[in-house]
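Student: I have a structure to work through. Can we take it question by question?

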Amino acid sequence: TIYNVLNKTYQITKTKGIQVIARKDHSAAIFGKSMLVYGGQLENGAFTNELLNFDLEYYDWSYLTFKQNIEPFSNGACASVMSVKSKN
């Protein structure tokens, strides 16, 4: 779902790529044209160390991999600020 802060409207979008399992308490950040999502707690209560990439241009989910073993993580915080130019 995309929320437009200027129009205060929601747009439901279809995504491609891997099926992402619902989670809570994950961290997410915008980097370039991607949203990176790390960790969280899955619906079954398990904690995950998955690192996901969501391509904001093509609405495509994929996994990213680590070179080393990373512990599962939850309840972190991360913020990104994007500047949106008006077409007017």
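Here are some questions and answers on salt bridges and strand pairing.

Student: How many salt bridges does this model have?
Tutor: Keep in mind that the model is predicted. Side chains of opposite charge can pair when their charged atoms come close. A pair counts if a side-chain nitrogen of Lys or Arg is within 4 Å of a carboxyl oxygen of Asp or Glu. By this rule, the count is two.

Student: Which residue forms a salt bridge with Glu50?
Tutor: Glu50 sits in the loop between strand S7 and strand S8, and its partner is in strand S4, 27 residues apart. The closest N and O atoms are 2.8 Å apart. The partner is Arg23.

Student: Is Arg23 buried or exposed?
Tutor: Buried means under 20% relative accessible area. Glu50 falls in that class, and so does Arg23. Arg23 is buried.

Student: Lys33 and Glu57 also meet in a salt bridge. How many residues apart in sequence are the parts this pair ties together?
Tutor: The N to O distance is 3.5 Å. Glu57 lies in the loop between S8 and strand S9, while Lys33 lies in the loop between strand S5 and strand S6. So the pair ties together parts that lie apart in sequence by 24 residues.

Student: Is Lys33 buried or exposed?
Tutor: The cut-off for exposed is over 50%. Lys33 has a relative accessible area of 57%, so Lys33 is exposed.

Technical notes
Residues are numbered from 1 along each chain as its sequence is written. This is a predicted model: local features need pLDDT of at least 70, side-chain atom pairs count only at pLDDT 80 or more; totals for chains, interfaces and linings use all residues. Side-chain values use heavy atoms; hydrogens and water are left out. Helices (H or I, at least four residues) and strands (E, at least two) are DSSP runs, numbered from the N terminus. Buried means under 20% relative accessible area, exposed over 50%, partly exposed in between (1.4 Å probe, protein chains only).
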